[in-house]
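The entries follow the order in which I looked.

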Amino acid sequence: MSTQAPTRRTGFRHRAAAGLTALILPLAAMVGLAAPAEAATAATATYTKVSDWGSGFEGKWTVKNTGTTTLSSWTVEWDYPTGTAVTSAWDATVTSSGTHWTAKNVGWNGTLAPGATVSFGFNGSGAGAPSGCKINGASCDGTTQPGDNAPSAPGTPVASDITNTSVKLTWTAATDDKGVKNYDVKRDGATIATVTGLTYTNSGLTAGTDYSYTVVARDTVDQTGPASGAASVRTTGGGGGPQPGSTVKLGYFTNWGVYGRNYHVKNLVTSGSAAKITHINYAFGNVQGGKCTIGDAYADYDKAYTADQSVDGKADTWDQPLRGNFNQLRKLKAQYPHIKVLWSFGGWTWSGGFGQAVQNPTAFAQSCYDLVEDPRWADVFDGIDLDWEYPNACGLSCDTSGPASFKNMMQAMRAKFGSNNLVTAAVTADASSGGKIDAADYAGAAQYMNWFNVMTYDFFGAWAAQGPTAPHSPLTSYAGIPQAGFNSAEAIAKFKAKGVPASKLLLGIGFYGRGWTGVTQSAPGGTATGPAAGTYEQGIEDYKVLKNSCPATGTIAGTAYAHCGSNWWSYDTPATVTSKMSWAKNQGLGGAFFWEFSGDTSNGELVGAINSGLN
């Protein structure tokens, strides 16, 4: 991408800008799924409220090794009353499951010699005090809690009362030496409910869709046991997913790509990609002053194209009413009438304006409609795409507009654009507990939208300069993944669990890799010294470059990785894209999208893999 472009988002769409520390992303770094308690050890933990400023507070736990042998790790657990929560943490990895909180040591402070102490801190909200503290499974005051064996696996759930939108699950009890407290019900690998009984009815499902359910028991000290066997369920009705010919194959085209990248609309033709896609998102328009505005006037509608650069081989004239990318897109649609084009607004750099805009969603929608439907280019666009990173959460800046703001915005957009235009959005893939998917009412917005572009990439990258190395677009979780809930399968499952139809979810593919340098370990999980060098930005490189400069040496969680010299990269290849498309079809998703065209080879290898994989 061109460094000239004001719309250029550091690290494309990632949830963390390159170079930001983990403390700038407290929720992404610390809110996840609770881990099982560890066996009792000789240690104590003491809590101190360091300060209180009314709307929040700073807390601190101090862990002391009271035994005679060195501790190699520590885990502190406690409960907060409803309304009190950790909002950011340091010197520990803090996760939650409901009102139960768990803090684990980080890599450098897990070892404690006899008599030694270590502290970690956090900021919180609410007025409650911690209770039920445990250190490594034992009471925080040093008393013992015998009988800390994990519970057994419950019986495989049995499905009954299956309808278009719901299913009842029943299972036999797990056993535990001190008793089972409750059960986590998991759908497609993601926890959707915690119940005390032996039955659960899951509603809000999609007709004619396949689901997989397991159950995990949790004992009275909050340890979890092995999962039950899996029950496969297919809801009644529906057509079993997208109808033939309706599958979305969408790519982002960036207006700044015409500069340093020298990538133009004509490249969609010469690469063969135009015949293999169904939609284009043109990125980006800006959001400022409560309105949709032009992103780059010169690239959008003023740049003059010579005959050899133009889609139809005809040069622009100085006096024609429309030039630039908009005119080239018009020519592309004339040759490929099946392609629909949406104008995308926002993105990583320009999402800061959404908070003001949604204060008056009707006026915002009117401004966007007036711009998209401007008579000079109204025929070019078939709808609008809103890329807000992120509603009621933090991206480059933090938004506090509330969980209903995204739904209100999409409702206003649909009311203004009507049923004949497409209304879509790119959305977070942060499926961690209390993470960005939980921050906004995406299910409420879904009724007004054609689909969501779920950004299932940039989960990990060299903004964590010392690693661990990890695939930036894992399809599934894997042993050693740095953050629970940061993978495609759990993101898709969480949107489904909230009531977003599978047919309105598109799986995201990145046409680039993320990498580190100073890496000696070939497998994921190695340490690094910083981001690997990239053509336009450190830590990131196009697929078309990496396929030759650092060929893949393995795969993990459905994504390729490569270790060459001291560099370590992860990226998708035609083979991994094909497998991801198979997964998307099996999930009944509406299709796939990618960021962005210029990262592909000159003959469109990755676009071809998406097309063939979804057919």
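The model is a predicted one, in which local features need pLDDT of at least 70 and side-chain atom pairs count only at pLDDT 80 or more, while totals for chains, interfaces and linings use all residues. Residues are numbered from 1 along each chain as its sequence is written, and side-chain values use heavy atoms, with hydrogens and water left out.

Helix H7 (residues 361-372) packs on helix H8 (residues 405-417) at an angle of about 45 degrees, and their axes lie 8 Å apart. I took axes as lines fitted to C-alpha atoms over the stretch in contact, with angles from 0 to 180 degrees between N-to-C directions; helices are DSSP runs of H or I with at least four residues, strands are E runs of at least two, and both are numbered from the N terminus. H7 and H8 are therefore oblique to each other (under 35 degrees is roughly parallel, over 145 roughly antiparallel, 65 to 115 roughly perpendicular, and the rest oblique).

I then listed the contact (heavy atoms within 4.5 Å): on H7 it includes Phe-364, Cys-368 and Tyr-369, and on H8 Met-409, Met-413 and Phe-417 are among the residues involved.

Next I followed H8 itself, whose 13 residues reach 18 Å from the first C-alpha to the last, close to the 18 Å expected at 1.5 Å a residue (1.5 Å times one less than the number of residues). Its buried residues (under 20% relative accessible area; exposed is over 50%, partly exposed in between, with a 1.4 Å probe and protein chains only) include Phe-406, Met-410 and Arg-414. The buried residues of H8 pack against H7 and several other elements, among them strand S22 (383-387) and helix H10 (442-446). After H8 comes Gly-418, with a positive phi near 75 degrees.

I turned to the peptide bonds and found a cis bond joining Ala-283 and Phe-284, with omega about 0 degrees; Phe-284 sits in strand S19 (residues 279-288). Another cis bond joins Trp-595 and Glu-596, with omega about -20 degrees.

Lastly I noted Asn-136, a residue other than glycine with a positive phi near 50 degrees, which is buried at a relative accessible area of 1%. Asp-458 has a positive phi near 60 degrees and counts as buried at 0% relative accessibility.
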